[in-house]
Structures are given as structure tokens and as C-alpha cells.
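Please look through the sequence and the 3D structure shown here before reading on. The notes below are meant to be read with both in view.

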Amino acid sequence: MNVSRFSWFNLTSLIIAFSFLYLPILLLILFSFNASKLVTVWGGFSTKWYVSLFQNEMFMTAAWVTLKVAVVSATLATILGTMAAIVLTRVGRFRGRLLFSGMVYSPLVMPEVITGLALLLLFVAIGLDRGYWTITLAHTTLTMCFVTVVVSSRLVSFDKSLEEAALDLGCTKLSAFFQVTLPIILPAIIAGWLLAFTLSLDDLVIASFTSGPGSTTLPMKIYSQVRLGLNPEINALSTLLILLVSVGVIVASLVSKRAEEQQV
Amino acid sequence: MQRQFDWGRFLLIAIPFLWLLIFFLLPFAIVVKISLSDTANALPPYVPTLNLSEGWSGITSFISQLDLESFAWLLDDKIYFLSYLNSLKIAFISTLLTLLIGYPMAYGLAKAPQRWRTVLLMLVILPFWTSFLIRVYAWIGILKPEGLLNMGLMSLGLIDQPLAIINTPTAVYIGIVYSYLPFLVLPLYATLEKLDQTLIEAALDLGCSPIQAFWKVTFPLSLPGVVAGCFLVFIPAMGEFVIPDLLGGSDTIMIGKTLWSEFFGNRDWPVASAVAVVLLLSLVVPIVIFQRMQERQREAEA
């Protein structure tokens, strides 16, 4: 479409939609710098909630647990998810393929309460103590499917003949993968890892079902605080998380854009 | 030439396959099993537990103890039926509302000048990456009686008394539309962007007004994106827990919330499992349709 400027109607609908998406977040950030304890009344600028946040040991412990779970589960999920993506796009027919693709796509839309309950019952049935590792296993299972979607869309869009050429020139399948395929799909793999990482960072429901004593994650902590009422420390914490994720996403997209430009 | 067994291929398939079998499919079998068990004052709080050490008789006595008591319980107490109906209603209405806001947005994105498109798309995706919980939390401060929306409207003189929005279904609709908007906009944008512009030009040349051209050409062609987007909103909204819990208050009952309180509040695992089975059964059809569409689209791209 060769349109060089916005039409009146399109511009209006975009402005309304983006205000709806961003106003709540901006207000949340604004009120994290509020001196008043009343979260909705402006009482002057202050950074005291950030100070008290960092002195709150409960939040810091929970943040550390969350980070560990997110890094380990995202890494496992990236490996498993990439394998699943290759299976779906390169391996061809095999027995159980329908079941396999069904299991890959279902967790994407499955309500979290069901996945969480089901995984908890599994861990109880096999007698696994609930805690850090059970959350990690649960998150790996959920997020690997998102990695598969991201990586397989890259795998279907690139030229298969490059792989075939490598095989013709005497590469084994394994070295063809590491020398040809992997460098090409690397941006998608990184994007998949980041997606898995943020999904794990964000999850409340599945973590609540699969965690045990002593392994409270940050969203669980935030949730129990929010149920007690609005809390300016939560605003401060949310602001930091939003900032962290926004910077991460913007940097990642700039890097992958540059990588794509270099390939062309 | 005899074909050698391809170990690499076998492992490549077997490892993710086994992982999903153990951590995705097996858990559902256990949910079904426990939904057929009885509640007990024990740890874990249900009987019977399968005792393989007794051999075959252990298995038969285990099976004979299973019953549909939990499901009968679901039919007995009206709260389960009501929360199921209410979830269906809330998911349906919020999907429609999301479409109403999401369609013009996706359309505006697809028609935006090329150099703006990447940035705008990024702005749609960004909230999806920031915490779901935080975004729902942000609305509490806006919607509550002494919140920002009511203060704003009152200072403008539009209302005299604060509107009661929080702890009503309206707040849940706002929360769901807000949280799931990107899920609908992205697949819809992808469809609209690929749309062949010459078809619309042809319609215009043949005497259609722009509005007619939209309803006769653009909208029908964008239907696959509309359907995919609506599924991505409807299915998770059906089982939503966080939004009705934080924004809907105690009067808004939804099935995800009922399951949660059955499990964490009443510690009734068999009934919680039965609720999960019913919810799952009602979602099987939309999920299968959604998968078929994903698979077909993947094949079309390949």
C-alpha cells in the first residue's frame, strides 16, 4: 500500500486505541513518584517508595527466586522449543505427528488455572517436593510452546536450499544445522528466549499452583499485596519492571533489525 | 541399500515429544482421575490413591472406588452452573468489544505510512511484554470510587457522585479488552496488511463507495484474521482468574475463580478437578478449530 500519510479516520482510531493501551501504564508510573501514601491523590514528587522497596527484604527474596526460575526455564524452553520447531517444519511425517502438534499448540490457549492445577496434581502424584524446581519445570513446559511458534515461523520463511547445499557439499546433518541453519534462525531463537523469560517473570497463576513454602515468586508477592489494597511500593516495583522490559524489548528489536539488514 | 536407523532424527522427535507427554498430557489424565475420586481428610486430600504394590487387586479396587460424585456435586450446587454461564457471557461480550476496538486499530496500522508501521507495531506488542498483573493493577487505581476516572469526571462536573465501576462486570470487561487487545490486533493486522489492494481499487472503480468497498471486499477477506484473533481472546478469557478476582469483586463469579477458590479456599481437590474437566471439555472444540487453523496457515506459508 503506497500511502504516504494518515487518513483522518485511521489517525483518530489509532490515537484512541493507543491512549487506551498506554494511559493506565503512564498513570501507574506517574503515581510511583507520589509523595502521598494515597495512591490516587497527588502529594508532590518523591522517590521514597523506591527506597523503601529496596529495603523490603520480602520483595528482594521473591525477585531473586523469580529471576532464577525465569533464566533456567527460558533456557530449557528455548532448547526444547527449537527442537520442536525443527520437528514441525523439517522432519516430515512420523507417527504421532498430529498429537505432537496438538500438544505444542494447546498450551498457548489453555487457561492457566487448568495447566496449573494439572501440573500440581502431577507433581503430587509422583511425589516431587513443591518449590523452585517444580515452578521451573512448569514454566519450561508452558513457554517452550511459545518458543516453538516464534522459531518455526522463521524456519518456514527461509530458503531451504541453503541447507540442502550444505548437505550436498558433504556436511553431516548436525554440522549443517550448526553452520547454516543456526546462524540464520538465531535472531528468532533469541526472541524466543526473551519471550519465554518475560512470560515466566510474569506468571502468577501457574506459579501459585506449583510453588511450595519458601519459593514465593514476585508476581505472587505482588498479588498478595494488591489484594490488601493499593500500595505505592507496588507502583514503584511495577515501574522498574516496565522499564526493564521496555528497554530489553527495544534493544532486542534493534539488534535483530540490524542483523537482518546485514544478512541482506 | 538397507536404511540405517536414524538416531539423530529419533532423538530430535523423542525429547520434546516425551517432555510434552509427561508434563502436558499426563497431568490431564491425572486431573480426570482425581475428579473421579473422593475428598478425604488426608495428604494429598483425596482417596483412593493408586497402590501398585498390591498388584492387580490394587488396580481393580482403585478403579471400583472411582465415581462421579464430584460431577453430581457440580450439578447440585447452582454456583457452578452460574459461574460457567457467567464466564461464557463475559468471554463472549468482551471478545465482541475487543473486536470493536481492535478492528479499527488493526486497519489503521495496516494503512499507516510504511515508515511508521514498525514503530506502531512495536507499540502494540510492548504492553504484551509488560506484566499482565501490573496492567490489571493499574486499572484498580483508575476505576475505584475515589480513583482517577471518577475524580476526573467529577472535577469536570460531568457527574456528581462517583460511578461504581470497580467490583462490577463492567470493570471485568474493561480489564479483558485492555489485556487481550494485542492478541486480536496482531493476527488481524497480518491479514489486513497482506490484502491485495487492487481488489479494493477495482471495487471503487466499479462504483462502490469506500464504505461499500470495505464491507464487500475488505471485511470478508479479513475474516480469517478476525476469527483467529477472536479465538485468541475468547479461549483464555473463558478461564480468566486474575481479572475477575482483582477487578470483578465477590459478585462477579467466573469459572476460573471458582476453580481457584475450590482448590485454595476449600481445599477440595476432586471438585476443583471436576470444574477443570468441565471447563476443558467446553474449550476442546474451539481449541481444536484454532489448532487446525494454525496448522493450515503454517502449511500455506511453507
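What follows is a short briefing, grouped by topic.

This is a predicted model, in which local features need pLDDT of at least 70 and side-chain atom pairs count only at pLDDT 80 or more, while totals for chains, interfaces and linings use all residues. Residues are numbered from 1 along each chain as its sequence is written, chains are lettered from A and ligands numbered from 1 in the order in which they are written, and side-chain values use heavy atoms, with hydrogens and water left out.

**Chain A as a whole**

- Chain A has 11 helices and 0 strands, where helices (H or I, at least four residues) and strands (E, at least two) are DSSP runs numbered from the N terminus.
- The C-alpha atoms of chain A fill a box of roughly 70 × 60 × 30 Å, taken along the principal axes.
- Of the 264 residues of chain A, 53% count as buried; buried means under 20% relative accessible area, exposed means over 50%, and partly exposed lies in between, with a 1.4 Å probe and protein chains only.
- The accessible surface of chain A comes to about 12,300 Å², and 68% of this belongs to carbon and sulfur atoms; such areas come from the Shrake-Rupley method with a 1.4 Å probe, and for residues only the protein chains shown count as cover.
- Among contacts in chain A between residues at least 6 apart in sequence, 69% join residues at least 24 apart, contact meaning heavy atoms within 4.5 Å.
- Helix α4 of chain A (residues 97-109) has 10 of its 13 residues buried, so this helix is largely enclosed by the rest of the structure; among the buried residues are A:Phe100, A:Met103, A:Val104 and A:Tyr105.

**Where chain A meets chain B**

- In the interface, 89 residues of chain A are in contact with 96 residues of chain B.
- The area buried between chain A and chain B is about 8,500 Å², with carbon and sulfur atoms giving 80% of it; buried area is the accessible area (1.4 Å probe) that two parts lose on being put together, summed over both.
- Between the two chains the count is 11 residue pairs in polar contact, both residues being at pLDDT 80 or more; a polar contact is a pair of N or O atoms within 3.5 Å, where within protein one must be able to donate a hydrogen and the other to accept it, and residues adjacent in sequence count only if both atoms are side-chain atoms.
- On the side of chain A that touches chain B, helix α1 (residues 8-31) gives the most, with 13 residues.
- The residues on this side of chain A divide into 64 nonpolar, 18 polar and 7 charged; Ala, Val, Leu, Ile, Met, Phe, Trp, Tyr, Cys and Pro count as nonpolar, Asp, Glu, Lys and Arg as charged, and the others, Gly among them, as polar.

**Salt bridges**

- The structure holds 5 salt bridges over all chains, a salt bridge being a side-chain nitrogen of Lys or Arg within 4 Å of a carboxyl oxygen of Asp or Glu.
- A:Arg90 and A:Glu163 meet through their side chains in a salt bridge (2.9 Å, N to O), and this pair links distant parts of the chain, with A:Arg90 in helix α3 and A:Glu163 in helix α7, 73 residues apart.
- A:Arg90 is partly exposed at 23% relative accessibility, whereas A:Glu163 is buried at 11%.
- Across the interface of chain A and chain B the rule finds 2 salt bridges, one of them between A:Arg227 and B:Asp245 (3.7 Å, N to O); A:Arg227 is exposed at 51% relative accessibility, while B:Asp245 is buried at 13%.
- B:Arg117 forms a salt bridge with B:Glu193, their closest N and O atoms being 3.3 Å apart, and because B:Arg117 lies in helix α5 and B:Glu193 in helix α8 of chain B, the pair ties together parts that are 76 residues apart in sequence.

- B:Leu181, in helix α8 (residues 169-194) of chain B, is buried with a relative accessible area of 1%, and its contacts beyond neighbours within four places in sequence include A:Phe20, A:Leu21 and B:Thr98.
- Most residues other than glycine have a negative phi.
- B:Asn167, however, has a positive phi near 65°, and B:Asn167 is found in the loop between α7 and α8 of chain B.
- B:Arg267 also has a positive phi, of about 50°, and B:Arg267 is found in the loop between α13 and α14 of chain B.
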